[in-house]
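Open the model in your viewer and keep the selection tool at hand. This tour goes from one selection to the next.

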Amino acid sequence: MAGLVKGLRGRISLPLFRAVSLKSPKTPIISRLAAINISQGSHISFTSSPICSRLSQVTVPGTQLLSRWCHNESKEAEKEIYNGILSTQIKLVKSFSLMTSFIGIAFQPILYTYSSANAAVVLGAGAFLSFFTFATPLLIHSVSKKYVTKLYYNQVEDKYTAVVYNIFIRPKKIEFKIKDVEVSDIPGMFTTFKANSVPLFVEGSQFNDITHYGKIMGYDKPIDLMWDKDLDMTKSEAEARRKKMQD
């Protein structure tokens with residue numbers, strides 16, 4: 001450090017340091033460095049010198065390790081908080097349904113080729129089989145597409161990521177925040193809540209941390225008793241009475 005300072009003072013002709021001495025034992029190093037006053041001419045000479053370009057290439061040991069550690073910590077910010085108990089069963093059922101449908105589609109031209117019956121009968125039978133070939137995977141998908149196989153929580157961005165299966169058993173991610181969740185008073189079939197208008201189904205007992213289930217369902221919010229204080233009756237009855245009074 002002393003050699004570097006001497007080199008700087010030797011290359012810069014104008015007075016560089018005017019404040020406190022770096023050799024003062026009583027003044028902290030940060031205060032001494034902050035008290036350094038560099039004149040404008042010295043600043044120009046210093047920034048244009050080769051030493052400045054060499055200093056810009058100096059790296060503090062350990063900074064790369066710290067950067068990688070912070071990067072890994074950001075990846076671990078998203079943790080799994082839910083694992084659906086029926087994920088494997090749904091995957092197997094959908095796989096079997098798709099496999100049988102593909103086999104049925106592949107064998108239909110062979111059946112038409114070797115069939116000696118009337119053409120109308122063959123076409124009718126083919127249409128009947130084709131209906132069940134396509135209807136079965138679609139029916140299973142209409143129910144299983146709502147089932148959340150995994151749910152992750154990002155504590156940095158305070159958002160959730162639900163993973164469901166599409167029709168070809170590929171994971172599909174649905175990101176949402178608490179403000180995007182809608183819990184109906186009368187939920188639909190196989191629907192626990194809606195996230196960004198997408199119906200999803202979860203089981204409360206499968207959450208690793210039950211507080212997340214309470215936050216998603218709105219159990220931490222004030223209870224709405226659905227009571228009309230003006231008419232001293234339920235809101236549905238109050239709305240019906242107001243409609244009658246308007247008529």
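**Stop 1: a lysine and its partners**

Select K159 in this predicted model: K159 is buried, with a relative accessible area of 15%. The cut-off for buried is under 20%, so K159 qualifies.

K159 and E157 form a salt bridge, with the closest N and O atoms 3.0 Å apart. E157 is partly exposed, at 42% relative accessible area.

E175 is partly exposed, with 46% relative accessibility. Show the three side chains together: E157, K159 and E175 are linked in a network of salt bridges.

**Stop 2**

How many salt bridges does the structure hold? There are 3. For another pair, select E80 and K150, whose side chains meet at 3.7 Å, N to O. E80 is in strand β1 (residues 78-83) and K150 in strand β2 (residues 150-154), 70 residues apart. E80 is partly exposed at 32% relative accessible area, and K150 is partly exposed at 28%.

**Stop 3: the nonpolar patch**

Switch to a surface view. Select F96, M99, I103, F107, I110, L111, Y112, F128, L129, F131 and F132: they make a nonpolar surface patch of about 1100 Å². Helices α6 (87-114) and α7 (119-144) each give two or more residues. The largest share, 7 residues, comes from α6.

Finish on F131, in helix α7. F131 is exposed, with a relative accessible area of 53%.

Note on methods:
Residues numbered from 1 in each chain as written. Predicted model: local features only at pLDDT ≥ 70, side-chain atom pairs only at ≥ 80, totals over all residues. Heavy atoms only, no water. Patch = residues over 30% accessible without salt bridge, like charges linked within 9 Å, V, L, I, M, F, W, Y side chains within 5 Å. Areas by Shrake-Rupley, 256 points an atom, 1.4 Å probe, with all protein chains shown as cover. Salt bridge = Lys/Arg side-chain N within 4 Å of Asp/Glu carboxyl O. Helix = DSSP H or I, 4+ residues; strand = E, 2+ residues; numbered from the N terminus. Buried < 20%, exposed > 50% of the residue type's maximum accessible area, 1.4 Å probe, protein only.
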